[in-house]
Amino acid sequence: MKGRRAQILVEVVDRYIRTRKPVSSQELVQVYRHRLSSATIRNELLALEEEGYLYKPHVSAGRVPTVQGFRFFAHWLLAMVETEPKEAGLPMEPQLPPVLPPLPELFRRTALLLSGMTGGLGFVVPPSQEDVEAIGVVLREIRPGLVLAATVSELGVMEARLLSAPADLAPEELREAEQWLSTRLQARRSAGDQPPSLWESKAAHLAYQLLQEIRETPPIARIFVEGWPQLLSELAARSPEWAWDKIHALLQLVGDEVAFLNLLEELRAGQAGLAAHVGLDQIPELQDLSLVTAPYFSGRGILGVAGPLWMDYARAFTAVRYLGSRLQFLLRQGGEA
């Protein structure tokens, strides 16, 4: 759909998102300063209603967008965003590499920022461990009998933990253990590796012991989600009871991490940048919700926001695209630090 009718539909959806009230022809004339008469606009609104883009909640009320109407608006706006010239990069950063928090905290903070910037449910899917190149392990003695072991990947420090070690460990033995560990992790060998033989060095036996402890650490969560109260508040504009039902269904959907990640991959199949998924009829939990998603870190991670059909799509697109770029920048810098 193009031309005058498409423009009027965009204006109706835009006005409804701002006011959450049915939109009348007279309101469109006043707000958007139309040269068209109210009668002409009413005829276009009637045609849009017959085509399934709008509906009237009451006989004497203005029009409200349907899922089809919201979907048209989101895709129209997304096309506008994607055709805007993109800046060469992010604003200038300090010369010193950023000091990153632990990766789980970085992902959690990003999800929280997504929620705060959009009023929806922010989520971040980290790159899977299979997609991240292991660099090695750094060992540093804190005091006799205690070492700090930091596992490092191309993302930066994945995890740091204190581990026990022989109190009489020499510096050169610690370096040998560090090299042994790095070689094993880069080779991606399984936890069933054979232990060092009896005639191998004390450092090799220490490294093997540390490797087992490192591998027993639970992996980073597969998805970080923040903003349930914000989303509940947004949905409650329609009805508190309806909002609770939607939140409960979405909690169950997101709670099954494997299923939710598979869903995101299916929705994003063939899409390289920003994507909007509005009112997914085939997924009951998302029939009255919208997802805005984008990849980061060369497509190995996904982040996005879930919100009501009437979400502020312009704000969601801006937040998701900016924070995706920002997260990728921090991960690249952290991996080089």
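A residue counts as buried when its relative accessible area is under 20%, as exposed when it is over 50%, and as partly exposed in between (1.4 Å probe, protein chains only). Glu49 is partly exposed, at 26%. We will come back to it.

This is a predicted model, in which local features need pLDDT of at least 70 and side-chain atom pairs count only at pLDDT 80 or more, while totals for chains, interfaces and linings use all residues. Residues are numbered from 1 along each chain as its sequence is written, and side-chain values use heavy atoms, with hydrogens and water left out.

Start with the whole chain. It has eleven helices and ten strands. These are DSSP runs, numbered from the N terminus: helices are H or I with at least four residues, strands are E with at least two. The chain holds 337 residues, and 46% of them are buried. Now take contacts, meaning heavy atoms within 4.5 Å. Among contacts between residues at least 6 apart in sequence, 60% join residues at least 24 apart. The accessible surface comes to about 17700 Å². Carbon and sulfur atoms account for 53% of that surface. Such areas come from the Shrake-Rupley method with a 1.4 Å probe; for residues, only the protein chains shown count as cover.

Next, look at charge. Side chains of opposite charge can pair when their charged atoms come close. A salt bridge here is a side-chain nitrogen of Lys or Arg within 4 Å of a carboxyl oxygen of Asp or Glu. The count comes to 13 salt bridges.

One of them joins Glu44 and Arg5, with 2.7 Å from N to O. Glu44 sits in helix 3 (residues 38-50) and Arg5 in helix 1 (residues 3-19). The two are 39 residues apart, so this pair links distant parts of the chain. Glu44 is buried, at 7% relative accessibility. Arg5 is partly exposed, at 28%.

Back to Glu49. Its salt bridge partner is Arg63, with the closest N and O atoms 3.1 Å apart. Glu49 lies in helix 3, but Arg63 lies in the loop between strand 1 (54-55) and strand 2 (64-65), so the pair ties together parts 14 residues apart in sequence. Arg63 is buried, at 10% relative accessibility.

Lys246 belongs to helix 9 (residues 240-255). Asp288 is in the loop between strand 8 (275-278) and strand 9 (289-296), 42 residues away. Lys246 is buried, at 13%. Asp288 is buried too, at 18%.

Finally, salt bridges that share partners join Arg4, Arg5, Glu44 and Glu51 into one network.
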